[in-house]
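Me: I would like a close look at one part of this model. Please start with the charged side chains, then follow the strands around them.

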Amino acid sequence: MKKKLSPEKAKQKEIRKAERTKKKLATSLAWSHVERIRDNMIVLKSKKTEEYILGIKLIPRNLFIENSNAQFVAINQIRSVLNQINFKLYWAVCHNPVNLDAHLSELSKQMQEEEDPVIWEMIENDFEKAAWFQQTHVEIEFFLMVKDHNYENCVKKYNQLVGLFLSTGYRFKELDDCDYENFLAYLYENPMINNFYFSHGIFSSLKDEDYEVLPGKEYGYDTDDKEEQEELIDDME
């Protein structure tokens with residue numbers, strides 16, 4: 001009969017196995033300069049030099065359902081922002097998994113609370129359809145990012161970018177760790193890249209247990225109130 005390992009020894013064995021696997025994969029993945037993704041930021045490292053990346057994700061806006069005057073204003077607002085930016089701006093189009101977690105969570109909660117079997121079955125059908133859609137579809141996301149060797153300068157550029165976009169009326173969201181991880185997976189077309197860099201899957205035993213994922217802040221409002229716009233911009237400064 002095979003002797004059962006204690007929880008501590010089993011964990012150490014799992015860690016050693018993950019470290020050996022990671023060492024083998026390093027030959028094909030470690031060439032990238034990604035040092036870490038944490039606190040809603042990418043850190044690149046080449047030798048002793050570090051670079052920081054921060055960015056936002058624009059929420060798609062269908063201009064074609066708006067009247068011609070609204071379209072003209074929206075386009076000119078974007079043009080004005082781009083003309084005012086005096087630093088290099090990086091943009092990317094990314095196909096990411098559809099995030100319906102909040103919707104699925106709400107449906108699951110409704111199923112637990114529902115007593116009528118007919119209504120319960122209807123909610124279950126909605127849950128299954130949403131889960132299928134999330135598994136089989138992706139959505140286009142638009143990223144705008146800034147990069148700098150100096151962290152303070154990078155934050156300054158990021159705040160300027162956010163402040164300028166606040167005046168456009170577009171909704172946008174701070175890129176969080178999950179956004180950056182999805183972006184790298186899409187960029188490298190390698191499903192193992194996130195596991196390798198961020199201790200997912202087989203490498204989960206190597207993950208820092210004290211690591212806390214921070215949600216990205218969302219910006220956006222539908223208003224032409226100049227005072228409200230100025231208050232939002234002042235909050236960024």
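Which residues are linked in a network of salt bridges?

Reply: A caution comes before the details: this is a predicted model. The network links Lys57, Glu141, Lys173, Asp176 and Asp179. By the distance rule used here, the count comes to seven salt bridges.

Take the pair of Lys57 and Glu141. Their side chains meet in a salt bridge, with N to O at 3.2 Å. Lys57 lies in strand 3, which covers residues 49–58, and Glu141 lies in strand 5, so this pair ties together parts that are 84 residues apart in sequence. Lys57 has 10% relative accessibility, so Lys57 counts as buried. Glu141 has 9%, so Glu141 counts as buried too.

Asp179 and Lys173 form a salt bridge through their side chains, at 3.6 Å from N to O. Asp179 is buried, and so is Lys173. Lys57 stands opposite Lys173 in strand 6. The two strands concerned, strand 3 and strand 6 (residues 172–174), pair in the antiparallel sense over three bridges.

Eight of its ten residues are buried, so strand 3 is largely enclosed by the rest of the structure. Its pairing with strand 5 is antiparallel and runs over seven bridges. In that pairing, Ile56 stands opposite Leu144 in strand 5. Strand 3 has another antiparallel pairing, with strand 2, over five bridges. There, Ile42 stands opposite Ile53 in strand 3. Ser46 has Thr49 as its bridge partner in strand 3. Strand 2 and strand 3 form a hairpin with two residues between them. Lys47, in the turn of that hairpin, has a positive phi of about 60°.

Move on to strand 2. Strand 2 (residues 42–46) pairs with strand 1 (residues 34–37) in the antiparallel sense, over three bridges. Val34 stands opposite Leu44 in strand 2. Lys45 lies in strand 2 as well. Its relative accessibility is 34%, so Lys45 counts as partly exposed. Which residues does Lys45 touch, leaving aside its neighbours within four places in sequence? The contacts are His33, Glu35 and Glu50.

Asp39 has a positive phi of about 55°, yet it is not a glycine. Asn40 is found in the loop between strand 1 and strand 2. Asn40 takes a positive phi of about 60°, and it is not a glycine either. What of their cover? Asp39 has a relative accessible area of 47%, so it is partly exposed. Asn40 has 3%, so it counts as buried.

Last, back to strand 5. Asp148 and Lys157 meet in a salt bridge between their side chains, at 2.8 Å from N to O. Asp148 counts as buried, at 16% relative accessibility. Lys157 counts as buried as well, at 18%. Strand 5 (138–148) contributes to a surface feature too. Trp91, Val93, Ile140 and Phe142 make a nonpolar surface patch of about 410 Å². Strand 4 (90–97) and strand 5 each supply at least two residues of that patch. Ile140 is placed in strand 5. Ile140 is partly exposed, with a relative accessible area of 42%. Glu141, in strand 5 with Ile140, is by contrast buried.

Key: Residues numbered from 1 in each chain as written. Predicted model: local features only at pLDDT ≥ 70, side-chain atom pairs only at ≥ 80, totals over all residues. Heavy atoms only, no water. Patch = residues over 30% accessible without salt bridge, like charges linked within 9 Å, V, L, I, M, F, W, Y side chains within 5 Å. Areas by Shrake-Rupley, 256 points an atom, 1.4 Å probe, with all protein chains shown as cover. Salt bridge = Lys/Arg side-chain N within 4 Å of Asp/Glu carboxyl O. Helix = DSSP H or I, 4+ residues; strand = E, 2+ residues; numbered from the N terminus. Buried < 20%, exposed > 50% of the residue type's maximum accessible area, 1.4 Å probe, protein only. Pairing = 2+ DSSP bridges. Contact = heavy atoms within 4.5 Å.
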